[in-house]
Amino acid sequence: MDPSKIYAIFIRQFFLIKNNPTRLANTFLWLVIDVTEWGFISKYLATLGYATFGYVSVILGAVILMQFMTRIQQGIMAFFLEDIWTQNFINYFASPLKVSEYVAGLILSSIATAIIGFMIMIGIAGLAFGYNLFEIGFLLLPFMTVLFIFGMAVGIFVAGVIFRFGPSAEWAGWPIPIVLSLFSGVFYPISTLPTFMRAFAALLPSSYVFESMRGMIAGQLSGQSLVLNLGIAGVLAAVYFFAAYWFFVRIYRYNLKHGTIARFNSEEL
Amino acid sequence: MPGETILKVKNIVKNYDAKIAVAGVSFEIKAGEVVGLLGQNGAGKTTIINMILGILEPTEGSIEILGENTKNHREKTAAKMNFAAVYAHLPANLTVYQNLYVSGLLYSVKNLKSKIEKLLKEYDLETFANTNSGLLSSGESSRLNLAKSTINDPRLLLLDEPTASLDPSISRIIRERIKKYAKENDAAVLWTSHNMREIEAVCDKIIFLSRGLVIMQGDPKTLPQERGQKDLEELFIKIAREAPSA
């Protein structure tokens, strides 16, 4: 992979934000609202007096990590959509750019926005609610790594779906974080779910992260279970990532055969 | 090297299910040559250009650029060519400079900043460097596309109706510049246009397509007389009227 070409994809997205800073509001405003709202909800729940653990630690921590994963997924999708809206694929794929470099550029762009978003959330949680996510300790790193890889996998998969079915398929991408949060146990233990939903939750790397985090804070998770959970989550996330990339490459090849790249715009698909 | 074969198209076919867009086309372009690809709408010109660019896979046949197959060496062959097409715009929400900068990175252009300065001057775009490309007039936009198309000093330049939105004065300047570019860089140019006077002025050879097949090729200055027509425009009209509609 050529770093210059990956940088080309990244800098194109940076230029978009530089030329129109209102895009920042769309990227970060929801994070601010989400963390602030859940911060107040957690604070209120903590005053009810039923807590056997810190609501703020469990809920706000989970919200920040879920939003981090969502930013990665939606970042990839939104940057991909920019290329659809500007009919830019002909310029990219007629150049020496490889598909892997294009995807790497999208990932790099979404990492940048996700890290900035993460720092904003950490700042609000600390300043407004006195919560420090880093109190989770070194385990924060594997938790975030799993969510990062899974977020990339979902983002690439959704981009592939849009690449195949056109911009009208973008509706599929926006509600995905809500669906994932339902099955990932962001706000409640997986045991709360009915049996059939638990089976689906077991397939999501994110569910192992949030279960582990909750168990760890409540002091109900052994070191062995934690390692096992992280191992399963890591393997699942890696499998989904490679599967999503394989899917995207297949769609690219399909489009090469059908001539879609040259005339990829909303009017024709 | 003069006389060197830059582009070799060998019996390419493109089918979309039952529809045949290109039905077995072969031709070559040598260094320094400007070749016109002509035909009525739907004749297969853009399909052929897209296959050469590597954004459309031929159903059959092969394409070689400087002896290398575009299918097996996509990145290597893509680095040796570039294009400007009336239907392919650079992102409207980036400035002229930013678009050239991103394009230069995609083609790994060395000394990119000085190359961009040179192109801005050459294509009279200096005053628009910081203007969003979407705000350019169609003529300015065509000049930007042409500037981008030579950013990597390609040995093969594919131009699909490059002067469609330009006034006659700018068109003439652009034609002369492209011709000069081909001679100075030993580059080959494949040019499509519906402006027959332009084709006569700029092309060393023409290839007539009809319904995805090459039906005639030769020198644009002598071919009309050989076929009993007054000029290239008359020849084009005769061919278009004889061909069943696609």
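Reply: Of the 246 residues in chain B, 50% are buried, a residue being called buried if 20 or more other C-beta atoms, placed from the backbone, lie within 10 Å of its own, exposed if 12 or fewer do, and partly exposed in between. The model is a predicted one, in which local features need pLDDT of at least 70 and side-chain atom pairs count only at pLDDT 80 or more, while totals for chains, interfaces and linings use all residues. Residues are numbered from 1 along each chain as its sequence is written, and chains are lettered from A and ligands numbered from 1 in the order in which they are written.

The C-alpha trace of chain B spans about 50 × 40 × 35 Å along its principal axes. Its radius of gyration is 18 Å, which agrees with the value near 18 Å for a compact globule of 246 residues; the radius is taken over C-alpha atoms, and the globule rule is 2.2 Å times the number of residues to the power 0.38. Chain B contains nine helices and 10 strands, where helices (H or I, at least four residues) and strands (E, at least two) are DSSP runs numbered from the N terminus. Two residues are in contact if their C-beta atoms, placed from the backbone, lie within 7 Å; of the contacts in chain B between residues at least 6 apart in sequence, 67% join residues at least 24 apart.

The axes of helix 3 of chain B and helix 5 (residues 138–149) of chain B come within 10 Å and cross at roughly 25 degrees, the axes being lines fitted to C-alpha atoms, for helices over the stretch in contact, with angles running from 0 to 180 degrees between N-to-C directions. That angle makes helix 3 of chain B roughly parallel to helix 5 of chain B, given that angles under 35 degrees count as roughly parallel, over 145 as roughly antiparallel, 65 to 115 as roughly perpendicular and the rest as oblique. The crossing of helix 3 of chain B and helix 5 of chain B is right-handed; a crossing has that hand if the near helix is turned clockwise from the far one by less than a right angle, and is left-handed if anticlockwise. From helix 3 of chain B, the residues B:Val96, B:Asn99, B:Leu100 and B:Ser103 meet B:Leu144, B:Ala147 and B:Lys148 of helix 5 of chain B. By class, this contact of helix 3 with helix 5 of chain B has four nonpolar, two polar and one charged residues, with Ala, Val, Leu, Ile, Met, Phe, Trp, Tyr, Cys and Pro counted as nonpolar, Asp, Glu, Lys and Arg as charged, and the others, Gly among them, as polar.

B:Leu90 lies in the loop between strand 6 (81–85) and helix 3 of chain B. With 24 C-beta neighbours inside 10 Å, B:Leu90 counts as buried. Not counting residues up to four places away in sequence, B:Leu90 touches B:Asn99, B:Ser133, B:Leu144, B:Asn145 and B:Lys148, and also A:Asn91 of the other chain. B:Leu90 and B:Ser103, 13 residues apart in sequence, are 9.2 Å apart in space, C-alpha to C-alpha.

One backbone detail of chain B remains. Most residues other than glycine have a negative phi. B:Arg211, which is not a glycine, has a positive phi of about 50 degrees. This residue sits in the loop between strand 9 (205–210) and strand 10 (213–218) of chain B, and B:Arg211 counts as partly exposed, with 18 C-beta neighbours inside 10 Å. In chain A, A:Gln87 is likewise a residue other than glycine with a positive phi, near 50 degrees; A:Gln87 is placed in the loop between helix 3 (55–85) and helix 4 (89–93) of chain A, and is buried, with 20 other C-beta atoms within 10 Å.
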